[in-house]
Structure formats: structure tokens, C-alpha cells
Amino acid sequence: MFHAARWAQRAAMGAVCGLGTSFVASRVALADGATPQPSAAEQPLVPPAGAPAGGQAHGKVVACGWPTYTKAQVAEHATVETGIWVTYKDGVYDITDFIQAHPGGNRILLAAGKAIDGFWNLYKQHTNTPAPMQMLKAMQIGVLDPADVELGLDEDDPYAKDPEVHPALHMHSNQPLQAETPAELLLDSWITPNDLWFVRGHHPVPEISETEYKLTVRGRGLAEPREFTFTLEQLKTIFPKHEVVATLQCGGNGRRLFNELKKTMGIPWGAGAMSTARWGGARLSDVLRYCGLHDAERAGVEHVHFEGSESLTASIPVDKATSPSGDVLLAYEMNGEPVPRAHGYPVRAVVPGYVGVRNVKWLSAVVTSDEEAKGPWQRGIAYKGFAPGVESFENVDVESVPSVQEQPVMSAIVQPRQGDVVEGDSVEVHGLAWSGGGRGIVRVDVSADGGGTWTTATLKEGSEQKLSRAWAWTFWTATLPVPEGAKAGDKMRICAKATDASYNTQPERSDAIWNIRGILYNAWPRVEVQLDP
């Protein structure tokens, strides 16, 4: 919960010590229900010359007016009752009112009463953009006693051994790895080459030895001793290899388009946070049956958890996990090769038709349970779809909002590109379409006049998939006649909409589906081109 009075007090102190007043004002507005719009141009927190002293504290007061605190005093503020304080470099911050809005959920409490420097060194998303530091500045209440300021951080970089990514990928961050496939390359091959796969990391990439790898399967409904361990070789030899061609899509794919309407939270993905591979591995249903799970309902099993070596845990409904037609894999091959390190070596979960985060990489354990996984990736705000009117999490019961599993039908226009100049009496349009849950694409309609008239596209690669198990995307192409009466130099507004096997069709406008997390974008794709002048 954000309190306007507390932000107003900080605004007064910030003015004394040089904090950008427009940013603090935005935090006061947030307390009144507005969406924060931090500016990258905020002034650093440096006291102006001759600034008056001010502020009360049970520590000393420095010249700029900030009270000073010792580490021991900060450590006394580690609960909501006392207020959650943290330090960063030489600053002291009260983050109590921010806890509920933290994208990583309550994991922020691991830093309660402590320094967050080490956490920010690990979770580089805090330093890749200016916004987190600007938000932290607005929560400053003092400075750390000079005697307690660390001379330096641990120089060991946890990301130093992360694999390099292909230079063609568009990098959003290299610590952790966040990179998308350029839209121009999406249609080059129905099966995306491993090197051109999008990368969505949350932490440093683990280093796991094939010979030392162990997968644990444990939980409810299994045969005694209710915990089984498999080596990679055992997964390959005990269970028949099953192959599935599946597209994985990050929940935030297309977030950049939401941001053009109104700012959301997260990486500003374009259309390239999705890729397709031929996966090979053991069926999860076979592994669970081998471990004794024959009647999940009778055993009270409702969810299956995936635990990754990078500390990410997610879960899927047991019906998906145990059904042979669900095609869930414990995958050790990607396009005929060992799964690359960046994508989960040596074993990852592949859950066809489900949002990317459920496809946990660097798999260390599979757990059968009567409840869904705990943690921010399953129960927190990160992968839950909120209503367009929700712009803060005050008074929002996050736990009651269902976690995203299957994603809605979507499409993308890959050619032509925005702003292209086109020639002739017609325009060739190429794109892709996909729907979650294995729902095949039955039609794509394309328009040259913003949706006034439509041409049905020809479905290409992927259209031969079974409509109830169409795990991979479908490519399409359409030839659009130039609108009647159009002349050289005029703009052509191309748009498209896909329809899946359940006859779900994409919504026309993004404002109707905007959400603060910026996930599940699937409004009509639009491209404006110019007729050759």
C-alpha cells in the first residue's frame, strides 16, 4: 500500500537534498492511484551547494539534511511492523510501501534490514534501466554511517560464464540474458535454428555437468519411497524418446505495443519473443507412470511442479502433465542436438501450448502436489492477467487471480515492415499465427484498408498440424490489391486477425486488453506502408 503522506514527507526531504521533484511528485500521484512515469532524465541525488540542514533521526545528521544510520539500526527494521529498510551503497531506504508492487513478489524481503547491493549485482534488471534507481531514490530516508560503508563489492561476476548469444539477436539485457529474434528472421525457417532462438533468463545460466546431473521426482501419489532419482543416461535409456515440434512464447511477447498505449512493467519485447523447435526427450506422463502415479485424482494430485537449478519454480495442472496427448517432455534434445546451455542444458521441461515460463529450464526436480507451485513466477503478479483498470496492486487480491497457462490466439505481420515503400497494384503480405492449448489456426484474414475489407490468407507451413495438437506456429501469406482510388504516395493500413480451431479471434484494439504487467498481447497486428510515389 502506498501512502501519499509518506511520499509528501519524502518530497520535502528530496527537495532539500536535490532529488528531482517531478519524480517524487509522480510517487505522490501513485499513492492516489496514478501510474508512475519515471523520467530517464531525473537529477542525481546530490545536495546543492549551501543546502540547509534538516531531518530528524536517532543517528547523526549530515550536511545535506539526511539523517545517518548504522548498519545495526537498519537491521532493526526488517518487518512490516517496524518498516522494511534496506541500504544501497551509502543510502538508506524505507521500502515498506513498495513490497506489494515488487515484480519479484516477496523475495524482496530477503534483503530486509540488509544491503541490496549484492541482490542488484545478481538481478541486473535493476541496473539495466534508470527506472529502478529513480524509484529507490524516492524512498530514501537517510544515509549510511561512513564507518559502515563497504569499500567495494565482491568482484566475482555471477554472469561471467554465461554463454554468448548470436549477434543477430536483439539484446534487451545481457545480465541476465534477454534477447529476441529479429522479426525479419522469424519466417526464414519454420523450425528456428538454435542460435536464433529468443532467450529469456531470470538469473545467471547454471553450469551443470552431464555426468553429475540428477533429476529428482517426488511427491504425492508416487510409489514408495515416493522419491526417485534419474541420471541423464537413465532418462534416455529407461524411457522411449518422444519428439514434439512446439513453439514457445514469452508471456510478455508484444509488450512494446502495450507500452505505446500506456506504460507497463517488464521487458519491452517486440514480436520476437517466440521461437519453434523440434524437441526430443522423455514424456513426463511416462516418467510419472514409472514412478507409480496411476490415478492422480484418487491420490489428490492436482498440480505438477518444475524446479529449476536457477531457483525458478513453476507448475502446470496434472491433467496436462499426465496425458500422453499433452506431449509434455523432459527434453534433452533441441533440433537434434543437446539442449544448449542458454536454453536449459542438460534437461528442461517443454510444455507445448503453455506460456514460456512454465517450460522450466535446467530442470532439477519434478514434484506432484495438491497445490500449485509457490513463488513469484506462479503465484505472484508476474504472470497473471489483470483488468485494464488495474494500475496499482493496492487492494488487489493477487492470489485469487488465476495464473496464466494457455495463451490466446495471436498473429504477426512480418513483411512488409512498418514504413516500407511498396510498388505495383498489389502487396504481398507474410506473417505467422499461433494459439495456445494446441488449438490450430483455421483462418487468417488480412486487410489493406485498416479492416474495412478482408482477404483470406493462404495457410502455409504448420497448417498440416492436427487442430487439437497444433503446438507450433503456422505461417501464412496473402496478396492484397491496392485499395480502389489509392494513388502514389498514399498510405496503406495493413492489418490481420487470426482465428483458431475454437473460433477464438483476435481483438481489434489493444486498449481493451491492456494490463499493467503487459502480458498476453494479441490485438490485430498493424503495419502502415506507402505506395511508391
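Strands E15 and E16 form a hairpin with two residues between them, and Asn-335 in the turn has a positive phi of about 55 degrees; helices (H or I, at least four residues) and strands (E, at least two) are DSSP runs, numbered from the N terminus. The model is predicted, so that local features need pLDDT of at least 70 and side-chain atom pairs count only at pLDDT 80 or more, while totals for chains, interfaces and linings use all residues. Residues are numbered from 1 along each chain as its sequence is written, and side-chain values use heavy atoms, with hydrogens and water left out.

**Strand E15 and its partners**

- Six of the six residues of strand E15 (residues 329-334) are buried, so the strand is largely enclosed by the rest of the structure; buried means under 20% relative accessible area, exposed over 50%, and partly exposed in between, with a 1.4 Å probe and protein chains only.
- E15 pairs with strand E16 (residues 337-338) in the antiparallel sense over two bridges, and Met-334 stands opposite Glu-337 in E16; two strands pair if DSSP finds at least two bridges between them.
- Strand E12 (residues 274-283) also pairs with E15 in the antiparallel sense, over five bridges, and here Gly-281 is placed opposite Ala-331 in E15.
- With strand E17 (residues 348-350), E15 forms an antiparallel pairing over three bridges, in which Leu-329 has Val-350 in E17 as its bridge partner.

**Arg-379 in a loop**

- Arg-379 lies in the loop that runs between strand E18 (363-369) and strand E19 (410-415), and this residue is buried, with a relative accessible area of 16%.
- The side chain of Arg-379 reaches the backbone oxygen of Ala-373 at 3.1 Å.
- Not counting residues up to four places away in sequence, Arg-379 touches Glu-371, Glu-372, Ala-373, Lys-374, Lys-384, Val-398 and Glu-399, where contact means heavy atoms within 4.5 Å.

**Pro-481 in strand E25**

- Pro-481 belongs to strand E25 (residues 474-481) and is exposed, with a relative accessible area of 52%.
- Once neighbours within four places in sequence are left aside, Pro-481 is in contact with Asp-425, Ser-426, Ala-448 and Thr-455.
- For Pro-481 and Ala-448, which are 33 residues apart along the chain, the C-alpha atoms are separated by 7.5 Å.

Conventions. Polar contact = N/O pair within 3.5 Å; in protein donor to acceptor, adjacent residues only side chain to side chain.
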